Structure formats: structure tokens, C-alpha cells
Amino acid sequence: MSMFEYLMVIVSIILGLGITQILRGFSKVARSRSRSSVVVLFGVYIFTFHIQVWWALWDLHAFDAWNLGYFIFLVSIPCLLFACAELLFPMATTAETDWKAHYDSVRVWFLGTLALLSSIAVLETWLFLDVPLTHAYRIIQVGLVALLIVGMFTKSHRMQLWLICSILIIFTGGQAVFRLLPGLA
């Protein structure tokens with residue numbers, strides 16, 4: 001087992017815990033009398049983000065300068081993703097949970113954590129993979145962070161719905177262009 005494979009075990013476990021939290025959260029929202037499309041769509045986003053992170057980590061298989069500091073920096077992304085899953089879909093929710101009120105109560109922390117996570121992802125690709133800070137995908141990442149920051153200060157559920165729809169379109173489009181089309185990654 002290589003050092004990369006060894007380190008990816010704990011990363012995969014943390015990502016799996018986050019995915020479990022999200023799937024459990026979808027089940028809770030489905031059984032609730034007070035649903036929120038904003039919560040469901042952000043759940044779709046962080047679920048997709050978990051999958052994308054797991055897939056993208058393969059890019060690090062050639063990195064061979066691992067040490068504890070690098071590992072702690074690397075594991076910060078799955079840990080922050082899990083924190084987002086727990087903020088959005090906490091274990092203590094029930095069928096009586098008012099999901100709009102819950103989202104309002106965690107909105108700033110949730111979106112702030114997502115913005116921090118996206119910023120760390122930029123630094124990690126620069127540090128581990130030498131992807132320049134001027135790479136074309138940075139436009140997408142900066143756009144996502146900007147929308148998340150706007151969302152932190154926006155209380156309107158209609159605006160939140162518009163923001164998450166925009167985030168999903170930008171994120172999915174960016175992944176399609178930079179992951180699926182050869183030569184752009």
C-alpha cells in the first residue's frame with residue numbers, strides 16, 4: 001500500500017460519513033411537513049461536491065512529499081464537507097423540523113464554511129498539483145465563492161433559491177468543461 005492509498009483511507013471514511021449524513025437528511029426532509037427547496041438543492045450541491053472531491057483526489061496519486069502538515073491540510077476539505085452536511089442536515093432533526101427556519105438559523109455558518117472550503121480547494125490544487133492561481137477554472141471558483149458570500153448576507157428565500165440554482169449550474173458546468181473535455185484540466 002502506497003502512502004497515498006494509506007492517507008486516502010481516512011479521507012474516504014470522512015467523505016462517506018458526510019454522504020451518509022446527506023442521504024439521511026434527504027430522508028428527513030421528505031418525511032417532514034415543512035420542506036424547503038433551498039435545503040434540498042443545497043443538499044444536492046454538497047452531495048455532488050463530496051463525489052467530485054473523492055474523484056478529484058485521484059489527481060494527488062503522483063504527489064510524493066506527504067507529511068503530517070500536508071495531510072492535515074488535505075483532510076480539511078472532507079472535514080469541512082462533513083461540517084456542511086451536519087449544518088444542513090443535523091442529526092437532531094425530526095419530522096416536525098421547520099426546514100426554512102433551520103436553514104435561516106445556520107445560513108451564515110453553512111455558506112461561510114462552503115466558501116472557506118472552496119478557497120482551501122484553490123490552495124490545495126496550487127500546493128499539491130502546481131495548478132496556477134491564474135488557471136481558467138479559478139473564474140468558476142471565484143464566482144462560486146462570490147455567490148456563497150452574497151448568500152451569507154441575503155435572508156430572502158427567493159434569493160437563496162436563485163443563488164443555489166446558479167451555484168448548481170456553474171458548478172456542474174465547470175465540472176463538465178474542465179473534467180470531461182480533454183486539454184482544459
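Biologist: Where does Tyr70 stand, buried or exposed or in between?
Modeller: This is a predicted model, and Tyr70 has a relative accessible area of 26% there. Buried would need under 20% and exposed over 50%. Tyr70 falls between those cut-offs, so the class is partly exposed.

Biologist: How many aromatic pairs are there, and what kind is the one between Tyr70 and Phe128?
Modeller: Searching the whole structure gives 16 aromatic pairs. For Tyr70 and Phe128, the ring centres are 5.5 Å apart and the planes lie at 80 degrees. An angle over 60 degrees has its own class, so this pair is edge-to-face.

Biologist: How many residues apart in sequence are the parts that this pair ties together?
Modeller: Tyr70 belongs to helix α3 and Phe128 to helix α4. Phe128 is buried, at 6% relative accessibility.

Biologist: Which helices hold Tyr137 and Phe178?
Modeller: Their rings form an edge-to-face pair, with centres 5.2 Å apart and planes at 70 degrees. Tyr137 is buried at 14% relative accessibility, and Phe178 is buried at 13%. The pair ties together parts 41 residues apart in sequence, and the helices, for Tyr137 and Phe178 in turn, are α5 and α6.

Biologist: Which element gives the largest share of the largest nonpolar core?
Modeller: That core has 53 residues, and Phe110 and Leu114 are among those with the most contacts inside it. Elements giving two or more residues to the core include α1, α2 and α3. The largest share is eleven residues, and it comes from α4.

Technical notes: Residues numbered from 1 in each chain as written. Predicted model: local features only at pLDDT ≥ 70, side-chain atom pairs only at ≥ 80, totals over all residues. Heavy atoms only, no water. Core = buried A, V, L, I, M, F, W, Y, C linked by side-chain atoms within 4.5 Å. Buried < 20%, exposed > 50% of the residue type's maximum accessible area, 1.4 Å probe, protein only. Helix = DSSP H or I, 4+ residues; strand = E, 2+ residues; numbered from the N terminus. Phe/Tyr/Trp six-rings, centres within 6.5 Å; stacked < 30°, edge-to-face > 60°.
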